[in-house]
Amino acid sequence: MTAAGGRSAPGRRRLAAPTVAMLPRIADSLSFLYLDIVRIVQDDTGVLAEVTSPQRGTETVYLPTAALSCVLLGPGTSITARAMATLARHGTTVVIAGSGGVRCYAATTPDSLSTVWLEHQVRAWVDDTQRASVAAAMYEQRFGAGTVPPGTNLATLRGMEGQRVKAHYRLLAQQYRIGRFRRAYDPASWDQQDPVNLALSAANTCLYGIVHAAILALGCSPALGFVHSGNQQAFVYDVADLYKARLTIPLAFSLHNSTAPEKDARRSFRDGLRLFRLLPRIVADVQRLLAPDLQADLPELQEQLVDLWDPVSGPIAGGVNYAGEKGD
């Protein structure tokens, strides 16, 4: 028996179900969305945020879940299980953030299409020589091409990085005439910090959320860092440090007179990303750092069955019954 329109019911279900190729690539996604004091639910149309106020009652705003790479949930936010399931299906990272989005407490992990880049990351991470090479490449990218003598060790690179950051702070402080600046992050006395520090913390947290989303979308582990270590977001901090000097630090200094530096930092940061095209850069940089000799782009989007590992022949097809196969 066929359904209306001449298609069978199973065929119609197949057409309605999204395939891997239909989902947006991480490099094509929007950046992030910060929400607080809202309720996020799923209805028959999609995921929406309910905003309630005494003056206007309850208003609803639908969220473009399939086009978002990261959603930051601030204080006063609740979300239903159905809405979380939809975000997970669309590969959207959900970050639980603190007040103003300035701390990251937890994040979801969407399904990955392949473990190709995770395997590159693990191989480089477990080998001390390769790990040192990746860490050095990260430092060199911050300094600029041709500025680091070949063979410079990590201790020297760390010292060079410290001097670079201090010089950058000093230059921006002079440019905006705010006197001497000292980076400070103290959650216990948050309200006593100056606007530049508040703005920098808020912008950095947004940056961490975007980097975290890109890393998870590539199938990599955010915990296996090359410069940083001992934290579940070590690799996130590694990659985010590549962009702070161009994105978050100048932005924070530009808001030195702001009366709402955290809010202004998030809005300005999001606007700046449209020109900087951060997500494609993250994808390209992570691939280049983990596999510098590999010239191919990301594997084509396609549905992949889980392979089986074999020490002799390498990966073999999964989903096959090998009951008749005799071992060596």
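In the predicted model, Arg-288 and Asp-285 both belong to helix H10 (residues 278-290), where three residues, about one turn of the helix, separate them. The two residues form a salt bridge, with 3.4 Å between the closest N and O atoms. Arg-288 is partly exposed, at a relative accessible area of 38%, whereas Asp-285 counts as buried, at 13% relative accessibility.

Salt bridges with shared partners also join Arg-142, Glu-161, Arg-164, Asp-241 and Lys-244 into one network. Within this group, the side chains of Glu-161 and Arg-142 meet in a salt bridge at an N to O distance of 2.8 Å. This pair links distant parts of the chain, since Glu-161 is located in helix H5 (residues 154-176) and Arg-142 in helix H4 (residues 128-143), 19 residues apart. Glu-161 has a relative accessibility of 11% and counts as buried. Arg-142 likewise counts as buried, with a value of 10%; the assignment follows because buried means under 20% relative accessible area.

A further salt bridge is made by the side chains of Arg-39 and Glu-50, with an N to O distance of 3.7 Å. Arg-39 is partly exposed, with a relative accessible area of 41%. Glu-50 also counts as partly exposed, at 24% relative accessibility.

In total, the structure holds seven salt bridges, including Arg-288 with Asp-285, Glu-161 with Arg-142 and Arg-39 with Glu-50.

Definitions and conventions: Residues are numbered from 1 along each chain as its sequence is written. This is a predicted model: local features need pLDDT of at least 70, side-chain atom pairs count only at pLDDT 80 or more; totals for chains, interfaces and linings use all residues. Side-chain values use heavy atoms; hydrogens and water are left out. A salt bridge is a side-chain nitrogen of Lys or Arg within 4 Å of a carboxyl oxygen of Asp or Glu. Buried means under 20% relative accessible area, exposed over 50%, partly exposed in between (1.4 Å probe, protein chains only). Helices (H or I, at least four residues) and strands (E, at least two) are DSSP runs, numbered from the N terminus.
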